[in-house]
Amino acid sequence: MTRKWGPAGRGNGPLPEVSLLPESPGVYRFRDDHGRILYVGRARRLRRRVRSYWSDLSDRPRLSRMVPQIVRIEALVCASDHEACWLERNLLEHSRPRWNRALGGAEVPRYLVIEADRRTARIRLVHHPKEAPGQLIFGPYLGGTKVRLLAAALHRVHPIAYAVDGLTGAERDLGRIRGVEVADRDQLSRRLRAILDGRPAAVATFLDQLARRRDELAAQQSYELAGQVQEELTAAAWLLGDQRMATLNGGDAELYGWHDGVLLQLSTINGFVRRWQQRPCGQRRAAELIIGTPEPWQDFLQSNAELAAALS
């Protein structure tokens, strides 16, 4: 029988499990009393977002019809908003629950390519990367506008396009103004690679450099340009957050975490997390499965298995 937990004003508040959710980025889903998935969503702050379903939904009658059917909440805490965005996209691309309107996979992934040839050094945005000599491919990323802003920010701080042979006199002058010479090309390429590889120190330095550029422009009363740099900074911080739900050269894998009788399982296909399952499981059987989970995934699976057990 469906638990009678309805929207505020109909006699009851949210399910008690909502209070167990953290105020962290993540993906959530609702199930009915038959175990069917009703809805999958993502949130910057899980607890606040999920609790909002039991607020006034008079302007969203579709959701107000769904909420009384919710008997179970499941959630995965992600390392960043970008990671949560990818996970939601992947899950909805694999299967769209009844109450989700948007088709999964509607947002097209983008990639960044760094070319560091002596005649052509640049940062390019592409939809379908192809490996080629002298090119480094990074991604995938979600959000076409954000990726363009990130590319602009990278060139603003590390203008590799001015570190090539064959520049015009005007281009060489611009390079000198920015402190860049042909001899700097390899160093700039290494710095760009460190940032896009997600190395924490490189990312932190890059974001700090952008913030200082913004502040300098604001101090010079160049407010429009300072606003542009702020947009680049916001996009860069979003895209460069930790993200493991979609990788460029990943394979297929079954990933497991376990806590207090609940087994959490994620399935990756070609480097993309496509399935999320959780079910009761004994400790001995869980130990046999978990042993094959790669070390970089273990903390993520373990912490989310603990949340799954608490919510169940």
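View 1. Leu192 is buried, with a relative accessible area of 0% (buried is under 20% relative accessible area and exposed over 50%, with partly exposed in between, using a 1.4 Å probe and protein chains only). This is a predicted model, so local features need pLDDT of at least 70 and side-chain atom pairs count only at pLDDT 80 or more, while totals for chains, interfaces and linings use all residues. Residues are numbered from 1 along each chain as its sequence is written, and side-chain values use heavy atoms, with hydrogens and water left out. Leu192 lies in helix H6 (helices are DSSP runs of H or I with at least four residues, strands are runs of E with at least two, and both are numbered from the N terminus). Not counting residues up to four places away in sequence, Leu192 touches Ile114, Ile123, Leu154, His158 and Ile160 (contact means heavy atoms within 4.5 Å). Leu301 is another matter: 109 residues from Leu192 in sequence, with 31 Å between the two C-alphas.

**View 2. Helix H6 and what covers it.** H6 takes in residues 185–196, 12 residues in total, and reaches 17 Å from its first C-alpha to its last. That is close to the 16 Å expected at 1.5 Å a residue (the expected span is 1.5 Å times one less than the number of residues). Which residues of H6 are buried? They are Arg185, Leu188, Ser189, Leu192, Ala194, Ile195 and Leu196. An α-helix has 3.6 residues a turn, so residues three or four places apart point the same way. The cover over the buried residues of H6 includes S4, strand S5 (121–126), strand S6 (135–141), helix H4 (144–157) and helix H7 (200–219). After H6 comes Gly198, with a positive phi near 80°.

**View 3. Phe206 and the nonpolar cores.** The largest nonpolar core has 59 residues (a core is a set of buried Ala, Val, Leu, Ile, Met, Phe, Trp, Tyr and Cys residues joined through side-chain atoms within 4.5 Å). Leu112, Leu150, Leu154, Leu196, Phe206 and Leu266 have the most contacts inside this core. Zoom in on Phe206 and, leaving aside its neighbours within four places in sequence, you find contacts with Leu150, Ala153, Leu154, Val157, Ile195, Ala236 and Leu240.

**View 4. The open sheet S2-S1-S3.** Here 3 strands form an open sheet in the order S2-S1-S3, with antiparallel pairing (two strands pair if DSSP finds at least two bridges between them). Strand S2 (37–43) and strand S3 (72–77) stand at the edges with a single partner strand each, so one side of each has no neighbour in the sheet. From one strand to the next, the twist averages 15° (axes are lines fitted to C-alpha atoms, for helices over the stretch in contact, and angles run from 0 to 180 degrees between N-to-C directions). S2 is mostly covered, with 5 of its 7 residues buried. H3 lies across S1, S2 and S3, running at about 155° to S2.

View 5. Strand S1 (residues 26–31) runs antiparallel to S2, and 6 bridges join the two. What stands opposite Arg31 in S2? That would be Ile37. Tyr28, for its part, stands opposite Gly41 in S2. The hairpin has 5 residues between S1 and S2, and Gly35 in the turn has a positive phi of about 85°.

View 6. Asn90 is found in helix H3 and counts as buried at 0% relative accessibility. Not counting residues up to four places away in sequence, Asn90 touches Met245, Phe272, Val273 and Arg274. Asn90 and Asp186 are 96 residues apart in sequence and 36 Å apart in space, C-alpha to C-alpha. Asn100 sits in the loop between helix H3 (81–94) and strand S4 (110–116), and at 5% relative accessibility Asn100 is buried too. Leaving aside its neighbours within four places in sequence, Asn100 is in contact with Leu38, Tyr39, Val40, Arg62 and Leu92.

**View 7. Cys78 and Cys85, with no bond between them.** The model has 0 disulfides (a disulfide is a pair of cysteine sulfur atoms within 2.5 Å). Cys78 is in no disulfide, and the nearest cysteine sulfur, that of Cys85, is 10 Å away. Cys78 is buried at 6% relative accessibility, and Cys85 is buried with a relative accessible area of 5%.
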